[in-house]
Amino acid sequence: MAGGYPGSWLRAKGSKSESRVSFVELFFDLVFVFSISQLSHALADHFTPLGALEACMLIFAVWWVWIFTAWVTNWLDPDRMPVRIMLFVLMFAGLVLSASIPGAFAEKAIFFAGAYVFMQVGRSLFTVYALKDVSPGNHRNFIRITCWLVLSGIFWIAGAVMEGETRVSLWLAALAIEYAAPAFGFAVPGFGKSTAADWDVSGAHLAERCALFIILCLGEAILQAGKTFAEQPLSPLIVTVFITVFVGTVAMWWIYFQFGHERAAHRIEQDETPGSLARQAFTYAHIPILAGIILSVVGDEFLFSHPHDQADLYASAAILGGPAVFLIGNLWFKGATTGRPPLSHLAGLAGLALLLLALSQIDVYQLGILATAVLVVVAIWEFASLTRAVPLARPPSNH
């Protein structure tokens, strides 16, 4: 990749700011905190098989538009005024997209699909223009990407004007096109296809972008718990639930950040093909991590609203499913960056599965306490096992 050309909008290669996450990027991410809140509420209000499918589709869409923007700002410098304005325009479209989530499969479908397609195609066209004279290889890459996004955009808009199962089918097709595109190297007749060597990303920047996004998501979980707790009549049980939810969220933070993020940032900076590793570890493996956090927030709502109900498969789908999906994502993420999926996470998944056997004997709040205990054990196990190993050299700080 070329960088540092006079008048270009690219990050300067080799500079201190190359891997730095800018304030405008963090500002941009705040819109997606709203998305996470909307997604968790939408799933909680329609916690059915169809509601779960729709929520999963929206999670895939929201994540894809965010991670594509993170990749773009890996090359483009947000401190350049045109890039900054582009991000502000995307923020407004993202606000429309987020506000449309509760009605995405109803009366606000065209707003959701229109905002999504505008963000994906518009950002990609902007990047094509920005790279035209300074990075021929990535210029061609983004021409290919734009072609795929235009194709999927046709399905998004077509689905928005349809209803019911037709909309679901067309939007599933749109997501399949977008998620399959990287695996096919964004191949386009006449333009060839991309290779892993083409994606010369700054691994430290992408690792920090994803880490900060996960922090915002976990922070939203904490805020939702605090808001719900403030609205509840005070009782020992509600205090117990609140503590359980807080400890569970802290355990999720610990599992992701204590070793996962640091090791991933170190590994990707040393990798010969950082683009390939970034695609697996950050673009794909973070989807279940995000989904697990959202599902856990739904489980937290169940804990506050029905603590004394008998635990059943309906409640456990969120209360146990959230931590399980989160651990699966971390298994994938850490396995991709270290080559060794952590045994503690496999044991945690086994522990959550065993709790299904106790459903008929316990209440919802007790199930929540046990699920949180499993996460705490996983965090302590990983900490104890890895701190006995040879310490990993810390990568140099970007700040």
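These legends walk through several close-up views of a predicted model.

Before the views, some ground rules: residues are numbered from 1 along each chain as its sequence is written, and side-chain values use heavy atoms, with hydrogens and water left out. Because this is a predicted model, local features need pLDDT of at least 70 and side-chain atom pairs count only at pLDDT 80 or more, while totals for chains, interfaces and linings use all residues.

View 1. The protein chain has 14 helices and zero strands. Helices (H or I, at least four residues) and strands (E, at least two) are DSSP runs, numbered from the N terminus. Of the 399 residues in the chain, 54% are buried; here buried means under 20% relative accessible area, exposed means over 50%, and partly exposed is in between, with a 1.4 Å probe and protein chains only. Take the contacts between residues at least 6 apart in sequence: 79% of them join residues at least 24 apart, where contact means heavy atoms within 4.5 Å.

**View 2. Helix H1 meets helix H7.** Two packed helices are described by the angle between their axes and the distance between the axes. Helix H1 (residues 23–45) and helix H7 (residues 203–231) pack at about 45°, and their axes are 9 Å apart. That angle makes H1 oblique to H7. Axes are lines fitted to C-alpha atoms, for helices over the stretch in contact, and angles run from 0 to 180 degrees between N-to-C directions. Angles under 35 degrees count as roughly parallel, over 145 as roughly antiparallel, 65 to 115 as roughly perpendicular and the rest as oblique. The crossing of H1 and H7 is right-handed; a crossing has this hand if the near helix is turned clockwise from the far one by less than a right angle, and is left-handed if anticlockwise. On the H1 side, look for residues including Phe 28, Phe 32, Ile 36 and His 41; on the H7 side, Arg 209, Phe 213, Leu 216 and Gln 224 are among them. By class, this contact has ten nonpolar, four polar and four charged residues. Ala, Val, Leu, Ile, Met, Phe, Trp, Tyr, Cys and Pro count as nonpolar, Asp, Glu, Lys and Arg as charged, and the others, Gly among them, as polar.

**View 3. Helix H1 also packs with helix H3.** H1 and helix H3 (residues 81–99) have axes 9 Å apart at an angle of about 5°. The two helices are therefore roughly parallel to each other. H1 contributes residues including Phe 27, Phe 28, Val 31 and Phe 34, and among those from H3 are Leu 87, Leu 90, Met 91 and Gly 94. The contact of H1 with H3 has twelve nonpolar, four polar and one charged residues.

**View 4. Helix H2 crosses helix H6.** The axes of H2 and helix H6 (residues 164–180) come within 11 Å and cross at roughly 35°. This crossing is left-handed. Leu 53, Met 57, Phe 60, Ala 61, Trp 63 and Trp 64 of H2 meet Val 168, Trp 171, Leu 172, Leu 175, Glu 178 and Tyr 179 of H6. By class, the contact has eleven nonpolar, no polar and one charged residues.

**View 5. Thr 69 sits in helix H2.** H2 spans residues 49–75 and holds Thr 69, which is buried with a relative accessible area of 1%. A polar atom of the Thr 69 side chain lies 2.8 Å from the backbone oxygen of Val 65. Leaving aside neighbours within four places in sequence, Thr 69 is in contact with Phe 28, Leu 87, Leu 90 and Arg 123.

**View 6. Phe 186 lies in the loop between H6 and H7**. Most residues other than glycine have a negative phi. Phe 186 has a phi near 50°, a positive value in a residue other than glycine. Phe 186 is buried, with a relative accessible area of 7%.

**View 7. Thr 372 is part of helix H14.** Helix H14 covers residues 364–387 and includes Thr 372. The relative accessible area of Thr 372 is 12%, so this residue is buried. Not counting residues up to four places away in sequence, Thr 372 touches Thr 244, Val 247 and Gly 248.

Note on methods
A polar contact is a pair of N or O atoms within 3.5 Å; within protein, one must be able to donate a hydrogen and the other to accept it, and residues adjacent in sequence count only if both atoms are side-chain atoms.
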